[in-house]
Amino acid sequence: MTDRSVRLLLLASVFVIATCGLIYELIAGTLASYLLGDSVTQFSTVIGAYLFAMGVGSWLSRFVERRLLSVFVQVEFYVGLVGGASAALLFGLFGQVGSFRVLLYALVFLVGAMVGLEIPLLLRILRDRLEFKDLVAKVFALDYVGALLASLLFPLVLVPKLGLVRSAFFFGMLNVLVGLATLRLLRDRITWARGHALVGGLILALLGTGFALSDRLVSWAEGATYSDVIYARSTPYQRIVLTRGQGDLRLYLNGNLQFSQRDEYRYHEALVHPGLAAAPRRARVLVMGGGDGLAVREILRWPDVEQVTLVDLDPAMTRLFSTHELLTALNGGALASPKVRVVNADAFLWLQGQPAAAWDFILADFPDPSNFALGKLYSTAFYREVRRALAPDGVLTVQCTSPYAARRAYWTTIHTLDATGFGTRPYHAYVPSFGEWGFVLASPAALPPPSAGLLPPGLRFLDAPTLADLFRFPRDMAEVPTEVNRLNNQALVRVFEEEWKEHAH
Amino acid sequence: MISRRRFLDAAVGAALLAGCEREKSRVVPGEITGASFRRGHRLWQGGRFPVAAETLRCDVAVVGGGIAGLAAARRLDRGGTRNIALLELEDEAGGNSAFSANAVSAYPWGAHYVTLPAEEAGEVIALYEELGLITGRDGAGRPIYDERALVMDPPERLWMLGRWQEGLSPKLGASDVELRELAAFQRETRRLRDARGADGRRAFAIPVDRSSRDPEWLALDKITMGEWLDARGWRSPRLRWFVDYACRDDFGATLDQVSAWGALHYYAARNGIAANAETDAVLTWPEGNGFLTRRLREGLEDRVHSACLAWRVEAKPGGGSVIVDAWDFRLERPVRWEARAAVVCTPLHVTRRVVPALRERRLAPPPDPAPWVVVNLTLDRRPAGQGFALAWDNVLYDSRSLGYVVATHQRLDRPGADAPTVLTWYQPLCDGPLGPERVRAMERTHADWCELALADLRRAHPDIDRSVQRADVRVWGHGMTRPAPGWTWGGSREQWAEPLGTIHFAHSDLSGISIFEEAYTRGVLAAEAVAAQMAAV
């Protein structure tokens with residue numbers, strides 16, 4: 001091995017590791033703004049943390065006294081492993097960990113510190129082979145050229161062609177290859193060369209597997225149909241998908257939009273406040289469905305609400321919206337309130353086991369009746385159970401799909417409540433991401449109109465004139481005769497399917 | 001000499017093959033339940049039973065604990081005759097409405113639904129009111145049924161041409177001619193539904209004996225359903241299948257083995273009305289008619305003597321009482337009851353051996369009931385399939401089976417994708433001469449029955465082997481009676497039902513169709529006749 005070729009290899013390494021280092025930084029920054037939104041803040045803090053970690057790594061390099069080459073090789077392996085897997089880890093763990101930011105900055109710091117070690121180590125390794133001014137000039141020039149290459153490759157080639165997860169694996173492998181090449185050329189000067197080679201080979205195989213499986217990882221994490229998926233999970237009951245595009249956080253269940261961060265306040269204010277403003281008492285509240293906690297957030301605005309029981313079938317939903325910082329920020333931590341009790345159970349079965357007249361206000365916020373299992377939650381049999389559990393003068397609010405897009409389905413629900421002995425007051429609100437949306441107030445007793453004077457402060461949508469308007473139905477949404485939805489005819493599911501099919505075309 | 005390499009290759013190949021074989025015919029755990037034929041056949045294996053030395057006494061002995069027997073015992077009990085002994089061959093009373101349960105669900109072993117009763121079935125309506133199945137009446141006086149017992153939507157689907165379609169009428173891919181025939185048949189049965197005779201009675205009523213006796217209708221008893229279809233020129237395979245399926249489902253017989261009257265009765269007697277359901281709605285429960293069995297048994301537990309074979313019922317010489325000789329399989333000893341009266345509620349092929357005095361009547365033999373097999377499949381998830389959603393009754397076109405009903409269909413909760421279920425799969429063994437079919441059925445093993453059921457279902461559910469956790473099998477040697485031509489209105493049916501002194505008879509075989517309403521009504525009427533007779537003494 002000539003000295004010249006060793007020198008060339010090491011200088012080439014500078015170029016490669018500089019590229020890799022910047023790529024990891026860009027990936028972390030992009031993923032953070034992609035998952036958390038607010039790209040200026042994310043990029044700025046990720047870059048700051050990364051540079052600071054590099055400084056820490058550089059400083060730490062002074063503690064490496066002997067076996068410089070061996071340490072350098074190991075740093076290459078581990079930076080390759082951690083940096084290479086970083087995108088997959090951040091994507092995959094986004095929904096699983098309570099505090100995503102802790103994970104993010106821990107990874108950024110670890111990679112940054114290791115990248116910070118590289119250049120000082122290389123400088124010291126090359127010290128005896130080059131004159132100092134040459135050494136500094138060449139190393140830093142290559143470092144900055146590598147950075148330029150990375151910053152051009154990243155937006156133009158890597159993100160569009162490879163995607164974030166696969167790019168990270170790719171550059172991780174490059175880091176490991178640098179380590180392996182160094183080992184090969186200088187094996188006589190490195191102790192335990194064989195052992196190191198084995199570790200390097202193993203990490204390379206891991207990253208290679210990750211690279212090959214990225215497609216599956218990505219489709220798992222990003223979903224096939226959504227462009228900006230930040231969380232996706234299939235539970236036994238549904239597929240939960242969170243997306244974030246142009247700063248708009250959205251929740252989809254089985255492909256149906258549940259809320260858009262931009263206008264969910266319209267939906268949830270309309271869902272919650274008219275019923276509570278009409279109820280003679282509000283101490284005991286039951287919410288069925290609504291595992292996102294957004295309705296509970298609105299309910300907790302009412303000071304006289306003493307306890308809220310939220311019954312949602314899917315523990316994955318309530319856990320996600322109780323623990324994930326992005327989502328608890330949206331629902332104001334409603335599910336963690338001492339007033340709130342979360343029950344994961346089937347609403348129909350659970351309700352049957354409850355005492356009579358146990359609630360002053362009940363909210364039924366189920367997914368639309370798009371299948372026979374969901375249709376049961378809009379049936380006379382179900383509303384009979386609700387009626388039993390509701391105080392004799394209590395109020396029920398039901399979300400009942402769009403009276404514009406599915407007019408007969410909407411009025412079927414109203415007529416089903418009528419047939420079960422409820423007095424009803426149908427109303428609707430405009431929610432841009434949903435369109436015209438329908439609700440109904442129902443009570444076993446005479447139902448007064450909700451009093452606007454009672455509305456809690458701080459609402460963004462409802463005020464007195466708006467509240468009164470909700471109860472007016474223009475001609476294209478006005479009442480139509482329909483069947484009553486029973487378990488043995490599932491009239492609602494059938495009408496709903498027909499109408500939405502037409503609407504979609 | 002075989003080289004080591006060759007040997008290894010062969011060994012690995014064999015192991016792989018063995019692995020494949022095992023995968024293909026994985027042993028599904030489960031058992032064949034129901035002991036009846038071994039016990040029952042002691043009746044005609046010449047085995048005379050010993051006679052008990054001591055005699056127990058009761059007011060009324062009820063022989064046979066199917067629906068008719070339970071109905072009779074219950075009616076007597078409610079009427080104040082409490083000293084009853086009901087003797088049942090099986091370990092549990094219930095007859096064709098037997099049921100079981102496991103950790104996943106309760107499930108039926110036989111009958112699994114009842115139709116809405118029309119006004120002729122007064123006894124049945126009164127029962128449903130008593131059981132809370134009818135919760136009230138609307139302004140027009142129409143009964144309101146408990147919504148949880150009405151079969152939930154969707155009730156039925158049919159597998160044909162590689163996908164599930166809604167409903168049982170085989171319309172998928174049908175030609176215009178076939179669709180016209182199906183529609184014409186439906187119009188004709190609708191017409192017969194509303195038809196009444198000159199005597200003011202419905203042409204086809206439940207109970208059967210409350211139907212019109214106009215010769216126009218009774219003539220339909222003399223021809224087979226196949227001949228009736230031929231006479232109308234209705235020959236399309238789809239309509240034939242549709243009608244044949246119904247005959248096999250309701251009578252365990254093909255359309256050439258039942259009378260036109262019997263087959264048309266199935267369609268035309270569904271005249272029930274309800275405030276909250278269509279006229280052709282049915283009532284069902286996870287355990288099928290086991291629900292009704294359970295409710296009928298309530299309060300009678302201490303008077304039901306199960307695992308008891310009554311082998312002789314005769315008037316005591318000198319009169320005045322009835323002697324019932326039985327064998328208690330649990331205690332392995334004979335039992336003798338002396339009762340003031342008896343109601344014999346066994347199927348007719350048993351009745352004629354148990355009541356020697358009937359031989360003097362020289363009655364025409366009743367139709368031979370076909371053997372049946374029922375396989376309850378416990379699955380770790382609901383079966384997936386192309387097309388329409390899982391229904392309660394799921395039928396496969398062009399299969400000799402009757403498909404399956406889903407025990408968890410009436411559950412109110414939203415099942416998750418991983419929700420387990422129990423499917424009850426049925427097949428009447430009526431395609432060959434019944435004697436040999438019955439012998440073959442008794443020889444088949446648990447694995448044979450599993451394969452029969454799974455091979456049938458694999459067509460619609462290719463992945464079913466992976467989700468089957470357990471398969472329990474019951475073989476009914478004599479499943480249910482059928483309205484063979486001439487049987488319903490030929491005259492001998494009434495003779496079979498005629499009481500012998502204080503020995504009365506009640507069983508749906510006496511109606512020629514095997515449905516809950518017939519058995520229940522006959523049980524109640526026999527009990528009332530016995531009570532009246534005893535009161536007159």
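Predicted model: local features only at pLDDT ≥ 70, side-chain atom pairs only at ≥ 80, totals over all residues.
Two packed helices are described by the angle between their axes and the distance between the axes. Chain A is a handy place to start. Here helix 1 (residues 3–36) of chain A and helix 2 (residues 39–60) of chain A pack with their axes 8 Å apart, at an angle of about 145°. The crossing of helix 1 of chain A past helix 2 of chain A is right-handed. On the helix 1 side of chain A, the contact includes Gly21(A), Tyr24(A), Glu25(A), Leu26(A) and Ala28(A). Facing them in helix 2 of chain A are Ser39(A), Gln42(A), Phe43(A), Val46(A), Ile47(A) and Tyr50(A). Sorted by class, the residues of this contact between helix 1 and helix 2 of chain A come out as nine nonpolar, six polar and one charged.

Over in chain B, helix 3 (residues 67–78) and helix 16 (residues 516–536) pair up: their axes come within 7 Å and cross at roughly 40°. That angle makes helix 3 of chain B oblique to helix 16 of chain B. As for handedness, helix 3 of chain B passes helix 16 of chain B in a right-handed crossing. Helix 3 of chain B brings Ile67(B), Ala68(B), Ala71(B), Ala72(B), Arg74(B), Arg75(B) and Leu76(B) to the meeting, while the partners in helix 16 of chain B include Phe516(B), Ala519(B), Tyr520(B) and Glu528(B). The tally for the contact of helix 3 with helix 16 of chain B is 11 nonpolar, one polar and three charged residues.

A second pair in chain B is helix 8 (residues 237–251) with helix 9 (residues 260–268), whose axes come within 10 Å and cross at roughly 90°. Helix 8 and helix 9 of chain B are therefore roughly perpendicular to each other. Phe242(B), Val243(B), Ala246(B), Cys247(B), Asp250(B) and Phe251(B) of helix 8 of chain B make this contact with Gly262(B), Ala263(B), Tyr266(B) and Tyr267(B) of helix 9 of chain B. Eight of the residues in the contact of helix 8 with helix 9 of chain B are nonpolar, one is polar and one is charged.

That leaves the backbone. Most residues other than glycine have a negative phi, and most peptide bonds are trans. Chain B has some exceptions. The bond from Asp153(B) to Pro154(B) is cis, with omega near 5°, and Pro154(B) sits in the loop between strand 8 (143–145) and strand 9 (156–160) of chain B. Ile206(B) and Pro207(B) are likewise joined by a cis peptide bond, with omega about 0°; Pro207(B) belongs to the loop between helix 5 (176–194) and helix 6 (215–218) of chain B. Leu161(B), though not a glycine, has a positive phi of about 55°. Its place is the loop between strand 9 and strand 10 (163–166) of chain B.

How values were computed:
Residues numbered from 1 in each chain as written. Chains lettered and ligands numbered in written order. Heavy atoms only, no water. Axes fitted to C-alpha atoms, helices over the stretch in contact; angles between N-to-C directions. Helix = DSSP H or I, 4+ residues; strand = E, 2+ residues; numbered from the N terminus. Parallel < 35°, antiparallel > 145°, perpendicular 65-115°, else oblique. Left-handed = near helix turned anticlockwise from the far one by under 90°. Contact = heavy atoms within 4.5 Å. Nonpolar A, V, L, I, M, F, W, Y, C, P; charged D, E, K, R; others polar.
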